[in-house]
Amino acid sequence: MNPDIISQPFTLEEDVFILEKNLEIGNKWSKIIKEMKGRTENNVKNRFNILYSTSRREYLRKFNGGNLKEASNQKRLDDKTLIANLIE
């Protein structure tokens, strides 16, 4: 294992950085990790997907009483709006 790779959980600051960079440049993980020391591209991509999918589920539950399948069909989310709300 590479000793420079961080194995601790992501910090709030790292989460915000990942979300902000995704809004700025999209899913260009190799560019994002160049500005993050100690994280692999796969770690960053997986972390973003966890943050995004969790927030999307919570959003859909909030606006459709927990019925995710029906909510997904009715409510199309704007990715940038959802990510921006996560950062706030």
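Trainee: Where does Ser55 lie?

Mentor: Ser55 sits in helix H3. Helices here are DSSP runs of H or I, at least four residues, numbered from the N terminus. A caution on the source: this is a predicted model, where local features need pLDDT of at least 70, side-chain atom pairs count only at pLDDT 80 or more, and totals for chains, interfaces and linings use all residues. Residues are numbered from 1 along each chain as its sequence is written, and side-chain values use heavy atoms, with hydrogens and water left out.

Trainee: Is Ser55 buried or exposed?

Mentor: Ser55 is buried, at 9% relative accessibility. Buried means under 20% relative accessible area, exposed over 50%, partly exposed in between, with a 1.4 Å probe and protein chains only.

Trainee: Which backbone oxygen lies 2.9 Å from a polar atom of its side chain, Ser55's?

Mentor: That of Tyr52. A polar contact is a pair of N or O atoms within 3.5 Å; within protein, one must be able to donate a hydrogen and the other to accept it, and residues adjacent in sequence count only if both atoms are side-chain atoms.

Trainee: And what does Ser55 touch, not counting residues up to four places away in sequence?

Mentor: Leu82 and Leu86. Contact means heavy atoms within 4.5 Å.

Trainee: New topic. Which residues make up the largest nonpolar core?

Mentor: Twelve residues, among them Phe10, Trp29, Met36, Phe48, Tyr52 and Leu82. Such a core is a set of buried Ala, Val, Leu, Ile, Met, Phe, Trp, Tyr and Cys residues joined through side-chain atoms within 4.5 Å.

Trainee: Which helices supply at least two residues of this core each?

Mentor: H1 (12–25), H2 (29–34), H3 (41–64) and H5 (79–87). H3 brings the largest share, four residues.

Trainee: What does Met36 touch, beyond four places in sequence?

Mentor: Phe10, Glu14, Phe17, Ile18 and Val44.

Trainee: Now Arg39. Where is its place?

Mentor: In the loop between H2 and H3. Arg39 is buried, with a relative accessible area of 7%.

Trainee: Which backbone oxygen does the Arg39 side chain reach at 3.4 Å?

Mentor: Ile6's. The backbone oxygen of Pro9 also lies 3.2 Å from a polar atom of the Arg39 side chain.

Trainee: What is Arg39 in contact with, leaving aside neighbours within four places in sequence?

Mentor: Ile6, Gln8, Pro9, Phe10, Glu14, Ile33 and Val44.
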